[in-house]
Every structure is written in structure tokens, then in C-alpha cells.
Amino acid sequence: MTSYFLAAALGMVAGVLSGLFGVGGGLLFVPILTWIGLTQLHAEASSLLAIIPTVLVGVWRQQRYGNVRWRAAAVLGVASIAATVGGAQLAVSLPEATLRKLFAVLLL
């Protein structure tokens, strides 16, 4: 039970820091999730899954302002699905240490 409170507190801190400094949440969430015990693969997957509600709310709000180009969004959506499947297969095939090093390079 304590780990859930720790995860929630760290998530809130990472969210506030992401908002203050304008960095993507994954840059902070993935290291925090690995620190609390998730594997690199599960931390990255969880971080990506957490983006979905944010994206849905963002699209909903921007659509109300007329800022969404649906044809371009559909093309990007289909391309993203294909890239996600390929990226997931690649991530699963890599050793944990290699995946962690690649994430570190991304952070730099």
C-alpha cells in the first residue's frame, strides 16, 4: 500500500515539474517508474499509456476551437499505429540493459 502512495506522490511531483519546465512527462515518469521497481520496458509502456487521456482531452479542446485538421490527424494516427507496433516489437526483442541505455541517450 505504501508503494501506491509513493508512486502517486512521485507522479504528482513529476507532473508539476513537467508543467513548470515544459518537458514531456515521459522524461520524468520513466526514470521514476524504474526507480519504484518497474522494468524499463514496463516503465516506457506505462508512460506511453498515460499519454492517451491527455491526448484525448487536448484533441477535444482544440477541436472546439477549430484547430484540428482531421485528415492530417488520421494520416498521423495510422502511421503512429504502424510505428507503435514496430517499436513495441523492437523494444521486446532488445535486452533490458540496451533498452535502458537507448533511453538514456534519448534523455541526453
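**Pockets of the predicted model**

**View 1. Residue classes lining the second largest pocket.** By class, this lining comprises 4 nonpolar, 4 polar and no charged residues. Here Ala, Val, Leu, Ile, Met, Phe, Trp, Tyr, Cys and Pro count as nonpolar, Asp, Glu, Lys and Arg as charged, and the others, Gly among them, as polar. The structure is a predicted model, in which local features need pLDDT of at least 70, side-chain atom pairs count only at pLDDT 80 or more, and totals for chains, interfaces and linings use all residues. Residues are numbered from 1 along each chain as its sequence is written, and side-chain values use heavy atoms, with hydrogens and water left out.

**View 2. Residues and volume of the second largest pocket.** The lining consists of Gly-25, Gly-26, Phe-29, Ser-47, Ala-50, Ile-51, Thr-54 and Val-55. H2 and H3 are the elements that each give two or more residues to it, and H3 contributes the largest share, 5 residues. The volume, the space filled by probe spheres set on grid points joined across faces, edges and corners, is about 150 Å³. A pocket is an open set of points on a 1 Å grid over the protein atoms alone, where a 1.4 Å probe fits, with protein on both sides within 12 Å along at least five of seven lines; lining residues have an atom within 4 Å of a point.

**View 3. The largest pocket.** This pocket holds about 510 Å³ of space. Helices H2 (25-35), H3 (40-64), H4 (70-93) and H5 (96-107) each give two or more residues to its lining; H4 gives the most, with 7 residues. Helices are DSSP runs (H or I, at least four residues) numbered from the N terminus.

**View 4. Centre of the largest pocket.** Of the 21 lining residues, Glu-44, Leu-48, Gly-87, Ala-88 and Ala-91 lie nearest the centre. The lining has 16 nonpolar, 4 polar and 1 charged residues.
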